[in-house]
Amino acid sequence: MMSTPLIRLAPTLASRNRQQLLALLPAIAIQLWQLGPQALLALLLATATALLADSLGLAWRRQAIWPSLRQGDALLSAVLLSLLLPATPLPLLCICTGAAILLLRQLFGGSGSLFHPVAGGLLLAAPWLPASLPHANLPLTLALLAGGLWLLWRGLLRWHAPLGLLLVVLIALPVGSGWLLGQSALWLLAGWVMSDGSSTPITSRGRLIHGQAAGMLCISVVTLTTHPDAGVTLAACLLLLSASAPLLDSLTLSPGRRT
Amino acid sequence: MTLVLRLLLLLLAIWLLGKILRSSAQKLRPATTSLPPLADRIDALLPQTQCGQCGHAGCQPYAQALARGEDSINRCPPGGEDGIRKLAALLHTDYLPFAADAPPPKPKAVALIDEATCIGCTLCIQACPVDAILGSAKQMHTVLADECTGCELCLAPCPVDCISMRPATSQPADWRWGYPVIAIKAIKPGSST
Amino acid sequence: MSRLSIPPAYTAASQQPLATLPLPAQLNLWLQGSRCCVEVGQRVLKHQLLAEADSEFGVALHAPTSGHIRAIGPLPQALPDAPLLDGLQLQPDGQDEALPLQADTDWPALSPLALAIRLQDMGVMGQHGPLLPLAWAAAAPPLALLIINAVENEPFLQADSMLLREQAAAVAEAMTMLGRILQPVRLVLAIQQEQGAAINALRSLAANQCWQLEVIQAPYPAGDDAPLLQSLARPEESSNSLCLPLAGVYAAGRAILHGEPCISRIVTVSGAVGQPQNILALLGSPVADLLACAGLPSQQHAIVHGGGLRGFALPDTTIGIHQHSHCLLALAAQAELIAQPCVRCGDCASICPSQLQPQELYWHCSEQQLEQAQHWRLADCSQCGLCSAVCPSQLPLLETFRQTSQQLLLAEQQQSATDAARQRHRFRQFRLERDKQEKAQRLAERAAQQAAKLAQQAATAPSQSTTPTASAADKQAAIAAAMTRAAQRQQQRPDAAASVSSSERDAAIAANRQATIDAAMARAAARKAAQDAAKAAAAETSADSSEQAGLNQQQQALIQAAMQRANAQKAAAASNSPAAMDEDKKALIAAAMARAAAQKAARDAGEQEK
């Protein structure tokens, strides 16, 4: 029996993920150009690990493997992680990717997981990252910006949370947060992680608050402590705020007016 | 001296705390007076078939017995397991499976009088707890199907056994456009293209 | 708030001229709320009445063409899950022989109710049942706003646009007719921005007419009655407005002005067909014929009835179309979808026209938490299907909401039935109690009267010579009556032992009763004489304690006697068996004896007092 509706007015999960991957293509190209074959190897290894970990998790949860794998969530996460951790040793990248997928995605119920595996993977890799401040990577940032704008134009970017974050960063410019704008990790997390539905609140107001809170937390930590890496800090903030998303939901959701 | 003072202070603090707790408990107590009596609330959950399968003379007496704690909640077959769950929730007791000696639940049925056999004795009219049978002496009787609760109390008194129970199903003719429909599977008479 | 846009209506079909379906080999008609008044094998002519409305919600059905009735019985119908409902198979004979049409020349004199009944008889259908609800027409409330709804109620649909384009003059005529009879303060034709071609033609028609043209800008669910009323009705009009579908209004015009019953409708056939187009088809035409007319390619397709958002797949293409078949879509068969978990994207909430939170509602509905579902306003869901259409996880939101709404409706019905049963049971208990009390009161009153009479009698007994005579007469009468009855019984018994016809028994009982009544009347006459004579003396007599005691005894005896009498009468009335008659006789004799004893007691008391 065929289910209603019979026409679709919005892309499915799979096609959304495909388009988000497409939007990442310029950034991937820039990274390949900058880092050479090592980046390609990292990308392929991360992808393979993510797919394997996802299949394992699905099998363990007794879910149908192929239909879920086809959606491309794990693939997208792997590509994002390989872009975020360009210079890390390959075994570390694989461990982080696999652990993130298994612990943060599958353990919390697959695609509806409250915690984004990319943020988790970044945080897992944090202790081994170089302590020095990564320098601004302008071409990569521009490529990411272009991809994000394309997504926005296609109507596929849930822009409330990223907007909240950017607003806070812009307001905090006098404090000296300007260097954050040059960090490609910030743009990647803002455009591809914060625009995700399951790890953010449902309502637009909730998402705006989520983005602002993430921005404020991140800037406070970056300016008040000596930890230099904006990406890792933001990832930690995002995980913290994801945990509070249900609270924000319960505060901002209401059955609405009765007619 | 200070020890005595401390003890006094402690006692004072305990007394104050007790005061506060008592007054807040009074304020926060749920308004039980606005609720209807327990028997009425139980009665509202019972299926009102008035069939007497629980051993009482109707739903209200059973509700009263339950409210007094004199009977168990698993004696109402028409209410089904769902009914037992609701009663358990209301009375803050555990769910009980149906009593072994209670008749098993049946799907809802409606009495039907065989009009050819009926002799018009009015005995079933006197037995019907919800006045769902129409007729008068020596006249044929009939059951108002919409009002019949399916209690089966009219079956026993009938001297000619002309009453039977028919399952109460919604007819396909009840279907109206725009209302939710109960799925009925079609038998494919022809081949589809 | 990002509001997802609805793709503009699928315009391919509207560029084609209106096609007419060739006469199908068989018509499968649905007897919706109607009672068949033809027989299998009978030849019917075009426009002949096939079935008449069986209730105020049904409409009549007329033969779309001439032919023979092949079958009457359950047929799969074009409804969700294709239920088997009463239908009628008509085999056209190709001659299309029609009954002469009789136009209503005096239609301006019709009242709203007469119009509603006439439309029901002509088979003109609205959203639910007849075009004009009979209950509404009978109440005939003042009508502030009448909306003719020409807004397509699904994307892909063009049936209404095509009707406006092809039959603009007829639609205008029909609206004028409705305006004359129903007398609305404002008559509005609501059409959609996309129906551009029709707008200009209509503007020129609307110029000097009693109706206005309103162009609706809103996206998809705007074609439903509720949002249409919300957008068009002023606050003071909203409570007494009526919304009628365009197809029904056009059919009403044909029916009243030309006497032509509703036998066809325009269906949009679209999707993966060779040539998407609008087809004028007779009611009951098989879906397969319509698809063949639009050129269905050979590969496997799902046939969807009623639009892409709210429609449902039909399992079989021999099913005939009915009055609500706006649209048929052929869609390439898709692989079975596996719903993914909710990713909390919030798209459903942002597109919901009723501002609901479908993701919360879905959660509660699938967990069977009906109370929570009601709290999240399931009742306000218009079941437009937009949430399902945008859900990236392809969750079956619409189906779940439909199912839960239906559950709620059933629960509500069950609750009201339970309440009714409780009320009826309580009333029965009250009635039984009341009857018992009334009976007791009646008996007590009668006993008190008799006691008073007897007391008077007793008081005057020694001084009045008539009294003994009277009581003697009373006694004699009773004995006579009893003897008469006994004699009757004696006569009856041999017959009764054998088979006695109920009429004879009835006659016997009647005679018995008559005897009782005669005796009672004799008694009463005697008493009255005694009473009259005693009247003067009675005033002076004062009752002392011993008399009171005597009276109490008398009263009790009388009540007992009365009850026995009542029982005996009841037994006589309720049973026909000779045994019961014996009992009856015994009871009556006992009653008579009791009466006599009571009288004796009263007399004794009187004598003692003396």
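In the predicted model, strand β4 of chain C is joined by two bridges to strand β7 (residues 67–76) of chain C, and the two strands run antiparallel. Within this pairing, Arg43(C) stands opposite His68(C) of β7(C). The pair belongs to an open sheet of four strands in chain C, ordered β2-β8-β7-β4, with antiparallel pairing. In general, the strands of a sheet are paired by backbone hydrogen bonds, in either a parallel or an antiparallel manner. The edges are formed by β2 (27–30) and β4 (43–44) of chain C; each has a single partner strand, so one side of each is left without a neighbour in the sheet.

The UniProt annotation "binding site", from an unreviewed entry, covers Cys352(C), Cys381(C), Cys384(C) and Cys387(C). These residues are spread over 36 residues of sequence, yet they cluster in space, with a largest C-alpha distance of 10.6 Å. Cys352(C) is placed in the loop between α9 (347–351) and α10 (358–366) of chain C. Cys352(C) counts as buried because 22 C-beta neighbours lie inside 10 Å, the threshold for this class being 20 or more.

Cys384(C) lies in another loop, between α11 (370–375) and α12 (386–390) of chain C. Cys384(C) is likewise buried, since 23 other C-beta atoms are found within 10 Å. Beyond its neighbours within four places in sequence, Cys384(C) is in contact with Tyr220(C), Pro221(C), Leu309(C), Arg310(C) and Pro353(C).

Chain C also forms an interface with chain A, to which chain C contributes 45 residues and chain A 33 residues. On the chain C side, the elements giving two or more residues are β15 (301–305), β16 (312–314), β17 (327–332), α9, α10, α12 and α13 (397–460). The greatest contribution among them comes from α12(C), with four residues. By class, the side of chain C that touches chain A comprises 25 nonpolar, 13 polar and seven charged residues.

In chain B, the domain assignment gives domain 1 (38–91) and domain 2 (107–167). The centres of these two domains of chain B, taken over C-alpha atoms, are separated by 25 Å. Their contact takes six residues from domain 1 of chain B and seven residues from domain 2 of chain B. The side of domain 1 of chain B that touches domain 2 of chain B has one nonpolar, five polar and no charged residues. An unreviewed UniProt entry lists residues 34–93 of chain B as "domain: 4Fe-4S". This span of chain B is 48% helix and 0% strand, and its end C-alpha atoms lie 23 Å apart.

The predictor assigns the complex an ipTM of 0.88 and a pTM of 0.74. For chain C, the average pLDDT is 79, and 72% of the residues score at least 70. The pLDDT is below 50 over residues 1–10 of chain C, a stretch with 24 contacts in the model beyond near neighbours in sequence. Residues 573–581 of chain C also stay under 50 in pLDDT, and for them the model has eight contacts beyond four places in sequence.

Technical notes. Residues are numbered from 1 along each chain as its sequence is written. Chains are lettered from A and ligands numbered from 1 in the order in which they are written. This is a predicted model: local features need pLDDT of at least 70, side-chain atom pairs count only at pLDDT 80 or more; totals for chains, interfaces and linings use all residues. UniProt positions are given in the numbering used here, feature names are shortened, and annotations may be inferred rather than shown by experiment. Domain bounds come from an automatic or database domain assignment. Two residues are in contact if their C-beta atoms, placed from the backbone, lie within 7 Å. Ala, Val, Leu, Ile, Met, Phe, Trp, Tyr, Cys and Pro count as nonpolar, Asp, Glu, Lys and Arg as charged, and the others, Gly among them, as polar. A residue is buried if 20 or more other C-beta atoms lie within 10 Å of its own, exposed if 12 or fewer, and partly exposed in between; C-beta atoms are placed from the backbone. Two strands pair if DSSP finds at least two bridges between them. pLDDT is the predictor's confidence in each residue, from 0 to 100.
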